[in-house]
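Here are my notes on the model you sent. They are in numbered points, for reading beside the coordinates.

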Amino acid sequence: MNNPEFFKKIKSVYNTVVLFFILIMVFAAGLMYKVINPSFLSFNRETTQESYSNVEDFNAMEDGIHVKTGFKNDKDLPLVIASCTPCHSAKLVTQNRATKDGWISIIRWMQDTQNLWDLGEHEAPIISYLAKYYGPEDKGRREVLTNIEWYDLED
Amino acid sequence: MQRRKFIRNTVLGTTASILATDFVFSETMPKGYEPLEFQDPDPYRLFEKDEGMTILNDKPWNIEAKAHLLDDKITPNKYMFIRNNGIIPKNIEASKWGLTIDGESARKTKSFTLQELKTKFKQYTYLLTLECGGNGRSEFNPPAKGNQWTVGAVSCAAWTGVRLKDVLEDVGVKSDAVYIGYHAVDTHLSGDPDKEPISRGVPIYKALQEETLLAFKMNGKDIPLAHGYPLRLVAGGWPASASGKWINRISIRNIEHDGTKMKAPAYRVPCKPVAPGEKVKDEDMCIIESMPVKSLITFPKSGAMLKQEKGLHIRGHAWAGELEVKAVEYSIDFGATWKSCNLGKPKNRLAWQHFGAEIIFPKKGYYEVWARATDVNNRSQPMLVPGWNPKGYLNNACHRIAVKIK
C-alpha cells in the first residue's frame, strides 16, 4: 500500500493524461473557433476578425487611456469595448461628444437602423460611462485657434 | 446552437479576463458578432495617403486632409479625404464589372460591362469639387453626431468617365423620372448582407448635367480602391455622398430615391432655421443639394512666423457648389476691414477656383488671416459657424490661419 514507487508512477501517468487532455481541449477550441471564424489565425492583413497575439499589448494603458482603442480607462471599459466596437471603430465614439440623452438617442438610432442589439442590464453603465467621459463642452460660436505649431516661414 | 454560444462566451470571456475584470458577457448579443477589431494595417500605406492626413475613424475608414495639404490645384490621391459609410469591397475584378440601369422610370432594364461603357460612349474629363456634407462638423455647438471633420473633407481632382446623361438616354428615361439612386457593392458595418451602407442619388436634372460622370479614372489613372474603383458616380458641387463609389446599379426613380441615407435625418438640414440644440422632426428636414460657398487658405500653413518687411503671400481655393465664386477677400483684423484677393476662373463648371494675395502687416504681433468667398448670388461665408442643424452639415464658416510678425 505504501509503495512510493507505485505512487510516483501513477502520478506521472496522471500528469501526462491531464496534460494530454488540456492540449486536446485547446486544440479543439481553436479548431471550433476556426470553423466558425475561418479567418482566425490566417494572418491576413485585411482580416476583419480580432486576434490577440499579445495580451500585454491589448491590455496596455497610457495616462488612463486604453492604448488599443483610445477609450478612457474605467471599471466599465470592457462593457463599452464589447458593445461599442463590434461594428465600428472606437474612434467613432471617442471623437463624439453628447449628453446622457444624446448618447441614449445615438444608441436607439443604432438599435433601430444599424442592427445594434438590446444592451440589457449593460445599457445603464455604458451610458454613464459615455456621458462621463465623452460629454459636451460649450464651444461658443467660434473657438480660438489652439495647438498652433509656430515655424519660421522661409523666403 | 448551444455549442456556438459556449464558444462565443468563452472567446469573449477571454477578452474580459485580459482586461482583468469580472465581465460577464451579455446573453442578448446575437451570434456572429466579434467584440473587437484590433488589426491595424498601416492606413497610409494601404491607401497611399500622406502621413500628415488625419485618421478620424478606422472602421469604417474616414480620413481627412489638413488645409495646407490641399495646396495643389488638382488634388492628388495622397491628399484626398476618404469618407466611407460601410466596408470597402474586396477582390474587385474590373474585367467582370457591370452596371445595370433599371427603375420605374427606365424604359427598359439594361446592363453594360465596364468595357462597353468605355467604348460605347464618349469620354470626358472634368475637375470636380467633392466636399463631404459634414465637412466642418467639429465646430458645431452643441456637437453633432458623426465623424468630426474639421476642414479637410474636400478635394478637386480630375475625373474621367462617361456622362451619366449619355448612358441614361441610351437606356431611355421616361417623362415621369424624378430621381436617380445608386447601388454599390460595399457592405454594411454590421455584416448584415440585407443592408446597404449607403444608396443615395440626385434629382434627374442633376443626373442629366454634362459634368455628372460615371467615372473610371481619377487624375489619369484607375480610381484608387478607397475612392470607388472601378466605377463611381461623380456629381460635383453636391455633398460627396451623392457621388456613389463601387457602383453596379443605377435606378431611375419616379419618386425621390428612398435608399439608405436618403431619409431624414441623413444628409438633411432643417427646412426652416432652428435654435442650437433644437429637436427637429424628420418631416421638417430637407435634403441638401448644392453645397454652400466656401474657401480654404492652403498656403502658408497656419503658424507662420515672418519678418514684417517681407510681406506674406497667401493662396488657396474657393468653391460654391453649383455656382461660381465671384470674389474672395481677406482680413487681418477679424473682419473690421476686407481686401480683395486675385481670383481665377474655374477650369470648368464645378471646379474650385484659386485665389491669392500679398499681405503687408502694419506692425509686429499676432494676426489671423481670414478668407471670405462670395458666390455669384452675393452669398458670402459667415465668420461665425452658420445655422446649427442636428447632424452638423454645411459649416462654411471662414477659414483662418495664425501668423506672427517678428
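1. B:Phe334 counts as exposed because it has 11 C-beta neighbours inside 10 Å, and the cut-off for exposed is 12 or fewer.

2. Mean pLDDT for chain A is 83, with 79% of its residues at 70 or more. Confidence in chain A is lowest in helix α1 (residues 4–36), at a mean of 71, and highest in strand β3 (residues 151–152), at 98. Over residues 41–51 of chain A, pLDDT stays under 50; the model has 18 contacts beyond four places in sequence for this stretch. Where pLDDT is low, the predicted coordinates should not be read in detail.

3. A:Asp63 also has a positive phi, of about 50 degrees, without being a glycine. The loop that holds A:Asp63 runs between β1 (61–62) and β2 (65–66) of chain A. A:Asp63 counts as exposed because it has 7 C-beta neighbours inside 10 Å.

4. Helix α3 (residues 77–84) of chain A is mostly covered, with seven of its eight residues buried. Among them are A:Leu79, A:Val80 and A:Ser83. These three residues meet A:Pro125, A:Ile126 and A:Tyr129 in α6(A). By class, this contact has five nonpolar residues, one polar residue and no charged ones.

5. How do the two helices lie? The axes of α3(A) and helix α6 (residues 123–133) of chain A come within 9 Å and cross at roughly 100 degrees.

6. In chain B, three strands form an open antiparallel sheet in the order β1-β2-β3. β1 (54–58) and β3 (82–83) of chain B are at the edges with a single partner strand each, so one side of each has no neighbour in the sheet. Four bridges join β1(B) to strand β2 (residues 61–64) of chain B, and B:Ile55 stands opposite B:Ile63 in β2(B).

7. Please check two cis peptide bonds in chain B. One joins B:Lys59 and B:Pro60, with omega about 5 degrees; B:Pro60 lies in the loop between β1 and β2 of chain B. Another joins B:Phe299 and B:Pro300, with omega about 0 degrees, and B:Pro300 is in the loop between β16 (294–299) and β17 (304–306) of chain B.

Conventions. Residues numbered from 1 in each chain as written. Chains lettered and ligands numbered in written order. Predicted model: local features only at pLDDT ≥ 70, side-chain atom pairs only at ≥ 80, totals over all residues. Buried ≥ 20, exposed ≤ 12 C-beta atoms within 10 Å, placed from the backbone. pLDDT = per-residue confidence, 0-100. Contact = placed C-beta atoms within 7 Å. Axes fitted to C-alpha atoms, helices over the stretch in contact; angles between N-to-C directions. Nonpolar A, V, L, I, M, F, W, Y, C, P; charged D, E, K, R; others polar. Pairing = 2+ DSSP bridges.
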